[in-house]
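Visitor: I am new to this structure and would like a close look at a single part of it. Could you take me through one spot slowly and then show me what surrounds it?

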Amino acid sequence: MSVFDRLQQFGSDSSAPKRSESVTDKSRLAHAGGAAVRGLQAGFVATLIMTAFRLPILRSLPPSANFWAQYVSGGDPDDHPIAGIALHLLYGVQAGAVFGALFALQDAEESIEPEQRGLVWGTVFGMALSAFGSQIMLKELLDIRLDTDELALFHAGHLVYGLALGAWVGSRTEGVQDPDREYGYNDDDP
């Protein structure tokens, strides 16, 4: 069952036959809720990593500073570094929660490890956010046209975000119940 089918199943009562909610549905919904919380954490970490990647290279604030200057306070985007970074962090955390919930609802084969799926789907998610950001947010909403080099770095930053997000969510969403025991984090053996 696809993610879309799963979301329809949770949100639709008129098109589906009447039935009582099963234990599996409750546990999958609870699993998705927990994964969304882990996605919040992952979004925070991934946004910090993305920001650390992009700031030294582009030497400019995220475009959220432009949004703040244009739609909230006026003035120059460089006048709002804290608001720009805080808004960018908020975007990243929210996107992380969405990714975490969607990742948990995704059915996959047992042979594909969650970490591997996280990396693949995180990459896809990061690039989808990048396409949305460059086409809708920058071009349409903010009327910003990036040159080729800036656009490549914009996409690279979102790729870094997606990889970090997917790695975090994939490694914490399912599988090992006790990572310390399973991976030997607390082993005293050299």
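Guide: Threonine 51 counts as buried in this predicted model, because its relative accessibility is 12% and the cut-off for buried is under 20%. The residue is found in helix α2, which covers residues 23-58, and it also falls in a stretch, residues 35-57, that an unreviewed UniProt entry annotates as "transmembrane region". When residues up to four places away in sequence are left out of the count, threonine 51 touches Pro56 and His88.

Proline 62 lies in the loop between α2 and α3, the latter being residues 64-73, and with a relative accessibility of 0% it counts as buried. The C-alpha atom of proline 62 is separated by 8.8 Å from that of proline 81, although the two residues are 19 residues apart along the chain.

On the α4 side the contact is formed by Ala95, Val98, Phe99 and Phe103, which meet Pro114, Arg117, Gly118, Trp121, Gly122, Phe125 and Leu129 of α5. Sorted by class, the residues in this contact are eight nonpolar, two polar and one charged.

The UniProt annotation "transmembrane region", from that unreviewed entry, includes residues 82-106 and 118-137 among its stretches. In the model, residues 82-106 are 96% helix and 0% strand, with end C-alpha atoms that lie 36 Å apart, while residues 118-137 are 100% helix and 0% strand, with end C-alpha atoms 26 Å apart.

To place these details in the whole chain, the protein has seven helices and zero strands, and of its 190 residues 32% count as buried, threonine 51 and proline 62 among them. Finally, taking the contacts in the protein with a separation of 6 or more, 70% are accounted for by residues 24 or more positions apart.

Definitions and conventions
Residues numbered from 1 in each chain as written. Predicted model: local features only at pLDDT ≥ 70, side-chain atom pairs only at ≥ 80, totals over all residues. Heavy atoms only, no water. Contact = heavy atoms within 4.5 Å. Helix = DSSP H or I, 4+ residues; strand = E, 2+ residues; numbered from the N terminus. Nonpolar A, V, L, I, M, F, W, Y, C, P; charged D, E, K, R; others polar. UniProt positions renumbered as here; feature names shortened; annotations may be inferred. Buried < 20%, exposed > 50% of the residue type's maximum accessible area, 1.4 Å probe, protein only.
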